[in-house]
Amino acid sequence: MTKCAPAHAHLDAPERADFEHIFAVNVIAPFQMLRAARPLLETSNAASVLMVSSIAGVTGIGASAAYAASTGELNTMTLSLARV
């Protein structure tokens, strides 16, 4: 795994492990947190969930393609979960 996320133009630089790590932190972890909090959310009369993302998920900018993709996924997942 590389030490930092490679720039968008360096398509050969990111390894699979880089993408997996970034998605684990930015997508899977928030989903697992929400699953763990679900019992409390369901019993509350005024529960809310706040997901913090980045403009990179909308514009495709940011530190790397993996980062931009993961924040876009978090945005999409948040919209999907809000419907539940």
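This report describes the confidence, the nonpolar core and a surface patch of a predicted model.

## Confidence

The chain has a mean pLDDT of 86, and 85% of its residues reach 70 or more. Among the elements of the chain, α1 has the highest mean pLDDT, at 94. The lowest belongs to α2, with a mean of 88.

## The nonpolar core

Five residues make up the largest nonpolar core: V27, L34, M51, L74 and M77. Helices α1 and α3 each supply at least two residues of this core. In soluble globular proteins, nonpolar side chains tend to be buried together.

One member of the core, M77, lies in helix α3, which covers residues 65–82. M77 counts as buried because its relative accessible area is 11%, under the 20% cut-off. Leaving aside residues up to four places away in sequence, M77 touches V27, P30 and F31. M77 and P30 are 47 residues apart along the chain, and their C-alpha atoms are separated by 9.7 Å.

V27 is another member of the core. Not counting residues up to four places away in sequence, V27 has contacts with I22, S70, E73, L74 and M77.

## The surface patch

On the surface, I55, V58 and I61 form a nonpolar patch. Together these residues have about 310 Å² of accessible area.

I55 sits in the loop between α1 (16–43) and α2 (56–59). Is I55 buried or exposed? I55 is exposed, because its relative accessibility is 54% and the cut-off for exposed is over 50%.

Note on methods: Residues numbered from 1 in each chain as written. Predicted model: local features only at pLDDT ≥ 70, side-chain atom pairs only at ≥ 80, totals over all residues. Heavy atoms only, no water. Patch = residues over 30% accessible without salt bridge, like charges linked within 9 Å, V, L, I, M, F, W, Y side chains within 5 Å. Areas by Shrake-Rupley, 256 points an atom, 1.4 Å probe, with all protein chains shown as cover. Salt bridge = Lys/Arg side-chain N within 4 Å of Asp/Glu carboxyl O. Helix = DSSP H or I, 4+ residues; strand = E, 2+ residues; numbered from the N terminus. Buried < 20%, exposed > 50% of the residue type's maximum accessible area, 1.4 Å probe, protein only. Contact = heavy atoms within 4.5 Å. pLDDT = per-residue confidence, 0-100. Core = buried A, V, L, I, M, F, W, Y, C linked by side-chain atoms within 4.5 Å.
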